[in-house]
Protein chains: 2
Amino acid sequence: MQRYFVNSNQINYPYCIIKGSDYHHITKVMRMKLLDKVYISDNVNSYIAEIDNIDSETVSLRIVEHLEECSELPISVTIAHGLVRREKMEETIDYLTELGCDKYIPVMLKRSIVKMDESKLDKKLDRLNKIAKEAAEQSHRQKVLIVENIINIDELIKLKDEYDLLFVASPYASCEDNFKKYIDNNTKKILVLIGPEGGIDDKEIDKLVSNGFKLLTLGKRILRTQVAPLYVMSAISYLKEY
Amino acid sequence: MQRYFVNSNQINYPYCIIKGSDYHHITKVMRMKLLDKVYISDNVNSYIAEIDNIDSETVSLRIVEHLEECSELPISVTIAHGLVRREKMEETIDYLTELGCDKYIPVMLKRSIVKMDESKLDKKLDRLNKIAKEAAEQSHRQKVLIVENIINIDELIKLKDEYDLLFVASPYASCEDNFKKYIDNNTKKILVLIGPEGGIDDKEIDKLVSNGFKLLTLGKRILRTQVAPLYVMSAISYLKEY
């Protein structure tokens, strides 16, 4: 059954109104008819709803069941990622959604080789958030991963009070610098910074550590920048869900 | 420093002879000169060696240091993977190498939508093993992941005595069906089967379970066939390396 994410203002219980690209998807791509059922989620609650009416611009759904789902991780994880090329970023966002990540923040670091055309930034961000929404629908998440605008290292450090723990993945980390050492039952929200292709500059590491970031190891092998975020999410899942 | 995998018969201590594509890589791509250093590994030992001589077909290396490395997982993991398209398989092999996997076996299952042209199989397997070798060199593994030829479910079941534990990733698994329940300090070698895009057929699951495969959960979210193997390797690393 197809899942659609809606804003809570689209729901007027027991009805939910869908327009725009999801309208197009329901009527033209999926070719659904009256009484066909879908999942809907508003990032907090999930429902089963059936199609009550279709006109030229809107689908009206009637909620028939409130779902008690929980496919979310017990810890909210933000991945801050040294800026990488568009295709890698899109793939990473897609996979991270599936693995339960809540937020993705691209960070401009010294060794990021990608240049950013600021005039195209808004359009790019729209596209990335659309990828995240579609990935969330496909993997039956209850929340959509949020893609934030690109920030620099000082702006990243300013976010520190929002998190219980901050990590920076680093080859300098010892085998003791792992999640098990730091994460406990009071940990609700963490951020993990992963470097771009060329890694993170030593001075940047120093700056992060002196601002409360903890070095983090990701196993004994050298992981590429697109694999490291997937390792982080899988490790958190295994640590906290079992 | 560049790493090259060699067969043990290329090593006549303290010398190592390199020909063919690695010769080309050393002399033409890397443009190395006398006394330049490289890592060499024969799947068991790793060394630092320096270039002792270059002629028109061979590079002769002299071993200068025997390395005490260990970037290998404490458990040998084989991923058996429902047959997927070539590009996905290549990406999966690339990422699995980086994450410490030892063997990749493509398995023809009922819901595999990919057809195989058997006449091209040998060539394809050569290419996949080449990808694995290059990925191992890049990620400084001591072993190269081995890609096996495609087998069917009955051939897979026949392999069972080679492994301490066999798993099949399944949405039917309960949250208790996880590695922590089964893997202990005596576990040296495991195999995990992951379905193709359409998942594994119920009858196939029954057959596997009645032949000793254990159901395995991979977190509470639905993972695509190319993400599930990465989750498996990351989870094993987190479980056994920390």
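Trainee: In which hand does α2(A) pass α3(A), right-handed or left-handed?
Mentor: In this predicted model, helix α2 of chain A spans residues 86-98 and helix α3 of chain A spans residues 121-138, and their axes lie 8 Å apart at an angle of about 30°. Because angles under 35 degrees count as roughly parallel, α2(A) is roughly parallel to α3(A). The crossing in which α2(A) passes α3(A) is right-handed.

Trainee: How many charged residues does the contact of α2(A) with α3(A) have?
Mentor: From α2(A) come Arg86(A), Met89(A), Glu90(A), Ile93(A), Asp94(A) and Thr97(A), and these meet a set in α3(A) that includes Lys124(A), Arg127(A), Leu128(A) and Ile131(A). Sorted by class, the contact of α2(A) with α3(A) holds 7 nonpolar residues and 1 polar residue, and the number of charged residues is 5.

Trainee: Which residues of α7(A) make the contact with α2(A)?
Mentor: Helix α7 of chain A, residues 228-241, packs with α2(A) at an angle of about 5°, the axes being 10 Å apart, so that α2(A) is roughly parallel to α7(A). The class count for this contact is 5 nonpolar, 1 polar and no charged residues. On the α2(A) side stand Thr92(A), Tyr95(A) and Leu96(A), and on the α7(A) side Pro229(A), Leu230(A) and Met233(A).

Trainee: Turning to chain B, how are α2(B) and α7(B) oriented to each other, roughly parallel or roughly antiparallel?
Mentor: The axes of helix α2 (residues 86-98) and helix α7 (residues 228-241) of chain B are 10 Å apart, and the angle between them is about 5°. Thr92(B), Tyr95(B) and Leu96(B) of α2(B) make the contact with Pro229(B), Leu230(B) and Met233(B) of α7(B). Since an angle under 35 degrees falls in that class, α2(B) and α7(B) are roughly parallel.

Trainee: Which three residues supply 25% of the area that chain A buries against chain B?
Mentor: The contact draws 38 residues from chain A and 38 residues from chain B. Between the two chains about 3,400 Å² is buried, with 52% of this area given by carbon and sulfur atoms. The share of 25% on the chain A side, more than any other three residues supply, belongs to Arg221(A), Tyr238(A) and Tyr242(A).

Trainee: How many residues apart are Asp201(A) and Lys110(A)?
Mentor: The side chains of Asp201(A) and Lys110(A) meet in a salt bridge, at 3.3 Å from N to O. Asp201(A) sits in the loop between β12 (189-194) and α6 (202-210) of chain A, while Lys110(A) sits in the loop between β8 (103-108) and α3 of chain A. The pair thus links distant parts of the chain, and the separation is 91 residues.

Trainee: What is omega for the cis peptide bond that joins Tyr13(A) and Pro14(A)?
Mentor: Most peptide bonds are trans. Pro14(A) lies in the loop between β2 (11-12) and β3 (15-18) of chain A, and in chain B the bond from Tyr13(B) to Pro14(B) is cis, with omega near 0°. For the cis bond between Tyr13(A) and Pro14(A), omega is about 5°.

Note on methods:
Residues numbered from 1 in each chain as written. Chains lettered and ligands numbered in written order. Predicted model: local features only at pLDDT ≥ 70, side-chain atom pairs only at ≥ 80, totals over all residues. Heavy atoms only, no water. Axes fitted to C-alpha atoms, helices over the stretch in contact; angles between N-to-C directions. Helix = DSSP H or I, 4+ residues; strand = E, 2+ residues; numbered from the N terminus. Parallel < 35°, antiparallel > 145°, perpendicular 65-115°, else oblique. Left-handed = near helix turned anticlockwise from the far one by under 90°. Contact = heavy atoms within 4.5 Å. Nonpolar A, V, L, I, M, F, W, Y, C, P; charged D, E, K, R; others polar. Buried area = accessible area lost by both parts, 1.4 Å probe. Salt bridge = Lys/Arg side-chain N within 4 Å of Asp/Glu carboxyl O.
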